[in-house]
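Good morning, and thank you for coming. I would ask you to look at the structure on the screen while I take you through the ligand site and then several individual residues.

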Amino acid sequence: MNPVSEFEESVARNVNNLKQDDELRKQSIDWMSKSIPHRYSYNFRWMGRPIIQYPQDMIAMQEILWRVQPDLIVETGIAHGGSLVFYASICELIGKGEVLGIDIDIRTHNREAIETHPMFKRITMLEGSSTSPEMIAQVKAIAENKKVLVVLDSNHTHDHVLAELHAYAPLVALGSYCVVFDTVIEDMPANLYPDRPWDTGNNPKTATRAFLAEHSNFVVDDDIEAKILITVAPSGYLRRVE
Ligand SMILES: C[S@@+](CC[C@H](N)C(=O)[O-])C[C@H]1O[C@@H](n2cnc3c(N)ncnc32)[C@H](O)[C@@H]1O
């Protein structure tokens with residue numbers, strides 16, 4: 001057999017075996033629930049900017065970006081800008097792609113640091129709620145005729161994420177992704193986020209379930225969560241298939 005397909009098949013077998021390993025999946029969820037109270041996701045930076053992610057999800061995003069090679073990545077939720085800089089740096093390496101970030105509150109020090117960052121040449125930021133009709137119209141106009149990938153990482157309540165899915169999932173190109181972060185909240189013990197409006201029963205996973213029940217043009221790419229094991233986005237890597 002050709003060594004390239006042989007290697008690919010062995011990785012596919014690894015991933016399928018991981019899908020069957022209930023004990024390891026359980027341990028991964030347990031590890032997540034123990035790392036969240038330590039605010040583990042705040043520990044990292046990409047090219048100097050704080051990125052609020054788990055490193056495994058960043059590797060998954062890198063693989064997706066290389067595979068899809070989008071013209072435009074739309075992300076709701078900027079915070080310190082680390083994820084925008086991360087996607088922009090991958091676009092820079094690929095040699096194509098722009099990043100559009102949306103946040104209801106872009107704090108002055110974050111804006112200044114992002115605007116003076118070497119990757120800012122591939123970044124545009126819009127301030128306002130991701131679900132306001134004005135914002136949705138602006139993003140739609142920018143996305144027109146582009147191969148789009150969407151990342152939802154703003155307010156993690158059911159209603160907000162469902163409204164974002166209705167607004168932004170239709171922009172996603174065939175074969176590209178709508179990534180819904182923090183679906184893991186549903187798999188965690190209740191009251192793990194006491195100072196937040198989201199909890200079990202009210203989070204990105206419940207919104208994604210409601211959306212998928214009415215939209216067969218997206219499917220969960222469960223190979224991704226199986227291969228990385230540690231993820232904030234179980235059932236959140238949605239691939240557009242129609
Ligand atoms: C989890 S942080 C984003 C993290 C960032 N994507 C990263 O990976 O580093 C969530 C952000 O969503 C923003 N946000 C909250 N509600 C929003 C809304 N209605 N519209 C847009 N952004 C919102 C917050 O201001 C906050 O900066």
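This is a predicted model: local features need pLDDT of at least 70, side-chain atom pairs count only at pLDDT 80 or more; totals for chains, interfaces and linings use all residues.

Let me begin with a definition: helices are DSSP runs of H or I with at least four residues, strands are DSSP runs of E with at least two, and both are numbered from the N terminus. Residues are numbered from 1 along each chain as its sequence is written, and side-chain values use heavy atoms, with hydrogens and water left out.

Let us turn to the ligand. Which residues come nearest to the ligand? Of the 17 residues around the ligand, they are Ile 52, Gly 77, Asp 103, Ser 130 and Asp 153; a residue is near a molecule if one of its heavy atoms lies within 4 Å of it. The shell is made up of five nonpolar, nine polar and three charged residues. Here Ala, Val, Leu, Ile, Met, Phe, Trp, Tyr, Cys and Pro count as nonpolar, Asp, Glu, Lys and Arg as charged, and the others, Gly among them, as polar.

A polar backbone atom of Gly 77 is 2.9 Å from a nitrogen atom of the ligand, and a polar backbone atom of Ile 104 is 3.2 Å from a nitrogen atom of the ligand. An oxygen atom of the ligand lies 3.2 Å from a backbone N or O atom of Ala 79. The protein buries 84% of the 610 Å² that the ligand exposes when taken alone, areas that come from the Shrake-Rupley method with a 1.4 Å probe.

Most residues other than glycine have a negative phi. Is Ala 79 buried, exposed or partly exposed? At 34% relative accessibility it counts as partly exposed, since buried means under 20% relative accessible area, exposed over 50%, and partly exposed in between, with a 1.4 Å probe and protein chains only.

Arg 39 also has a positive phi, near 55 degrees. This residue is found in the loop between α2 (22–35) and β1 (44–46), and Arg 39 is partly exposed at 49%.

Next come two buried residues. Gln 53 lies in the loop between β2 (49–51) and α3 (55–68) and has a relative accessible area of 4%, so it is buried. The side chains of Gln 53 and Asp 153 are joined by a polar contact of 3.3 Å; such a contact is a pair of N or O atoms within 3.5 Å, where, within protein, one must be able to donate a hydrogen and the other to accept it, and residues adjacent in sequence count only if both atoms are side-chain atoms. Ser 89, in helix α4, is buried at 6%, and a polar atom of its side chain lies 2.8 Å from the backbone oxygen of Phe 86.

Finally, I return to the loop between β7 and α8, where Thr 200 also lies.
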